[in-house]
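Here is a short briefing on one protein model. Look over the sequence and the fold, then read the points below.

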Amino acid sequence: MIGSINKIELESPGYLWLLLLIIPIIIYYFIRQKKIRAHFIFPINNELLDAGKSWKVKFLFLPDLFRILALIFIIFSLSGPRIKDENSEKFSEGIDLVISLDVSASMLAEDLKPNRLEAAKNISLDFALKRKNDAIGLVVFSGESFTQCPLTLDHQILSAQLQAIQSGLLQDGTAIGLGLATAVDRLKSGNAKSKVLILLTDGVNNSGMIDPLTAAEIAKVNNVRVYTIGLGSLGMAPYPAQTPFGVSTIMVPVEIDEALLKQISQMTDGKYYRATDNNDLNQIYKEIDLLEKSKLEQKSIINYINLFVYFLGLALFFLLIEWVLRNYLLKQLP
């Protein structure tokens, strides 16, 4: 909460026109003083000189002065002096976001470094840790899919779950439809108005019981925006294959169903990207980060500290002083 005290303002400044009434009062005061000071010419004696030096004569003006001050403060009191106390509260509305990551065997290809899966894990983690206000979940898929981490604001748990992902834990294959549908199901349980899904894959849908376009339709119905990312270089990519003589790097063709991934993103008002190396993937995540900013709302609450009581109190105080001066201290004056 941010608070700020501004300068004094007047609720009803029109009452200040009453200050013009003080001008004739002051004029009357000066005329009255001249009459009091008017005297006849007569011989001066010591007694009169002493009387002229009396302190009461010197302070003759005080009762009228305090009465004028009291009137001024009464008028200011009527004008409603107050101090504005403004408090601003900032609310950050986060996004529900699920990363659906392909963990099939082909993700071990080494065109991204050290391989596609590790590059996706590391860069996805860096992206997630920067989005402190968002609930983020994690789904993994190959021939089947499951939720690795449900939506959470605890990004340390998310980090541990993301780093624990390995290829080979699931039946091999590329079930894009299942990976998409499982992630949408996770997002349906979220509370945020904005729901985003990032799906990373390097292949062609070849398994699973759910058609990718059917899953995309489910995402659309549930207002889930899907960003699809195809991982892999153009043409051929190095792949660590197991041979009778140990692991050997061979070149394999890169096959990504870009048409399908583009259609999924278009159906859900998202966007398709192609990452051929680590730098591409970094830039893609930076663009998504800019596109999917958390909403920051500010609500201002204005309170007023009324000061009219203090001005009225000062006016009464001046009237009290005037009464004491006029009826006691200066009573013997003409």
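Helices (H or I, at least four residues) and strands (E, at least two) are DSSP runs, numbered from the N terminus. By that count, D269 sits in the loop between α9 (258-267) and β10 (271-275). This is a predicted model: local features need pLDDT of at least 70, side-chain atom pairs count only at pLDDT 80 or more, and totals for chains, interfaces and linings use all residues. Residues are numbered from 1 along each chain as its sequence is written, and side-chain values use heavy atoms, with hydrogens and water left out.

**Whole chain**

- The protein chain holds 11 helices and 11 strands.
- Of its 334 residues, 40% are buried (under 20% relative accessible area; exposed is over 50%, partly exposed is in between; 1.4 Å probe, protein chains only).
- The accessible surface is about 19,200 Å² (Shrake-Rupley method, 1.4 Å probe; for residues, only the protein chains shown count as cover).
- Carbon and sulfur atoms supply 60% of that surface.
- Among contacts (heavy atoms within 4.5 Å) with a separation of 6 or more, 81% link residues 24 or more positions apart.

**R116**

- R116 lies in helix α5 (residues 116-130).
- R116 counts as buried because its relative accessibility is 3%.
- Its side chain makes a polar contact of 2.8 Å with the side chain of D111. A polar contact is a pair of N or O atoms within 3.5 Å; within protein, one must be able to donate a hydrogen and the other to accept it, and residues adjacent in sequence count only if both atoms are side-chain atoms.
- A polar contact of 2.7 Å joins the side chains of R116 and D202.
- Leaving out residues up to four places away in sequence, R116 also touches others, including S106, M107, L231 and V254.

**Backbone exceptions**

- Most residues other than glycine have a negative phi, and most peptide bonds are trans.
- The peptide bond from K113 to P114 is cis, with omega near -5°.
- P114 belongs to the loop between β3 (96-102) and α5.
- N223 is not a glycine, yet its phi is positive, at about 55°.
- N223 falls in the loop between α8 (212-221) and β7 (224-231).
- N223 counts as exposed because its relative accessibility is 60%.
- D269, also not a glycine, has a positive phi near 65°.
- D269 is exposed, with a relative accessible area of 60%.
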